[in-house]
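These are my notebook entries on one protein model. I set down what I looked up, entry by entry.

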Amino acid sequence: MSDSTTVADRDDRFGSDRRSPEEPPTPRVGIPRRGDVATALSGRPLQVRTLPLLAAVAALVLVTAGCTSSDSSDTTGTPDADATVTVGLVLEPTDLDIRRTAGIALDQVLIDNVYQGLVGRTQDNEIVDVLAASHTVSSDGLTYTFTLADGVTFHDGAALTADDVVWSLQQVADDDTLANHSDLAAVDTISSPDPSTVVLTLSQPDSALLFALTGRAGLVLQEDADNDLSTSANGTGPFTLASWTQGDNLQLSRYDDYWGSPASVAGVVFRYIPDASARMNASISGDIDVQTAVDATLRSQLDGVDGITVDEGRTTDKYTLAFNNAVAPFTDPRVRKAIRLAVDNDALITATGGSAVDQGGPIPELDPGYADLTSVDAYDPDAARELLDEAGQSDLDLTLEYANVYPAAIGDVLTTQLAAVGITLTVEQVDFSTWLSDVFVAPSDGSTRDFQLSMVNHAETHDFGNWANPDYYWGYDSPDVQALYADSLAATDPAEAAADLAEAAEIVSEDAPAEWLYTSTTLTAVRDGVTGFPTSSTTTRLDLSSLAATE
């Protein structure tokens, strides 16, 4: 497979969680089991979808204020098995089809909790066995052998079989309309030599495969199930999908027959509150028990509030100012580099609350291949003006379009900073679905996207492959980067794969196809009595298997 074919075959949708490799596996990997290791926005009419599974119960379970219990309060400090924990989130999925619906809002609530794969990952991106009790990888990186865990059942009571696993993976491998189809591009055959074993053979080594299997490509569904994936779910996780009130909340209920350690709470209610101030008020009033993605500029409102702790965590949330590299003036690298030099990242981080770190390049610290590239775009407005003069663009008018879920302060600060080097910036904040159609989705007639600047939080982990994909929305096309990315995938040595990625990332940063404004440090407000809630990588995954609450 040529380098260009490899990259094209690995093209994927927004919300994919794989494009660059996890550390490649070594022979006879013994990874601990999970228990051993510690969006479209609303803005549409309220639409209630009562899911077939547990529908009668869901009709009685309303969004609650605080941790609630169907029984008397437990004041002993021990976990209350009847508690329901209410979590405030920002982005809501457009529907529930984990196979076809793009966007990390769906992964955030359903993967790990409702759906599972052979392997999963922790909030620090460590791979753990889940539906596989163990697995091995051959020394040549071409054979992955998974031994299935015993006693696993789907939520409808059917036992998990090796045939279900083979069918689930084969579906993704064969159907290019399914999410993350390209993640299995190197997989040649998927087989089950006996009822407890699944074997994947590859046509070539793929250092990203194991990590890819922690995402949508690796999810295991029941072959004989006939439920509508857009409105229901039949997984193997510790929670069942109880109901979805579109535009308001999604509810999970404990699966009492779960094959592993049962959930410690009776249920979880995810409330979708896109407005940061409204989420803050919900935390202070006790309407929600956990608030993810606390707006750093509002954090001080929680100072002195009794019973709430704000936890900081690491993320791969890359707030990226993307240039449309396919249109002028961004076809001129001098203009792109000038904009990077004009941006004072530290001032921007301060203006947005200070809960972030400067990144300087396309790979965040949690991902393989990371290197500190902040010196590449060090703030230098004088040098920026010189580059613009050299490019004949000393009086430039540009438009920035980004979704209104992100702080207006980002646009305000950029407007001021770019004005200082002679660029007039017009900022347009739109709803997320409009951003998708205006910026992200390719025009149906095959024409070039016509946006100039865009800003979005690329929260996905291991997504460097976007920079090796010339068809991605920012239109960056570098054969050198594409070749290095292909080399990283083919590597069987973790250090070699990471080195290829680091080299490619430096080229990307020097080419300046975007400005990496900052990588967010996530803030999570947790009410006293709630334990086991993840505090890192919360934008992409919320594994609630260890969640507990006391009264």
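Basis of the entries. I worked on a predicted model, in which local features need pLDDT of at least 70 and side-chain atom pairs count only at pLDDT 80 or more, while totals for chains, interfaces and linings use all residues. Residues are numbered from 1 along each chain as its sequence is written, and side-chain values use heavy atoms, with hydrogens and water left out.

Overall content. I noted 13 helices and 23 strands; these are DSSP runs numbered from the N terminus, helices being H or I of at least four residues and strands E of at least two. Of the 551 residues, 58% count as buried (under 20% relative accessible area; exposed is over 50%, and partly exposed lies in between).

Aromatic pairs. My search of the whole structure gave 17 aromatic pairs. Rings of Phe, Tyr and Trp (its six-membered ring) pair if their centres lie within 6.5 Å; planes under 30 degrees apart count as stacked, over 60 as edge-to-face and the rest as tilted. I examined tryptophan 435 and tyrosine 473: the ring centres are 5.8 Å apart and the planes stand at 80°, so the pair is edge-to-face. Because tryptophan 435 lies in helix α11 and tyrosine 473 in the loop between β19 and α12, the pair ties together parts that are 38 residues apart in sequence. Both tryptophan 435 and tyrosine 473 are buried. One aromatic cluster includes these two residues, and among its other members are Phe432, Trp467 and Trp516.

Helix α7. I looked up residues 333-342 and found that seven of the 10 are buried, so that the helix is mostly covered. Among the buried residues are Arg336 and Arg340.

Threonine 214. I located threonine 214 in the loop between α5 and β10. The residue is buried, with a relative accessible area of 2%. Its C-alpha atom is separated by 6.4 Å from that of glycine 117, although the two residues are 97 apart along the chain.

Glutamate 503. I placed glutamate 503 in helix α13. The residue is partly exposed, with a relative accessible area of 44%.

Methods: Buried < 20%, exposed > 50% of the residue type's maximum accessible area, 1.4 Å probe, protein only.
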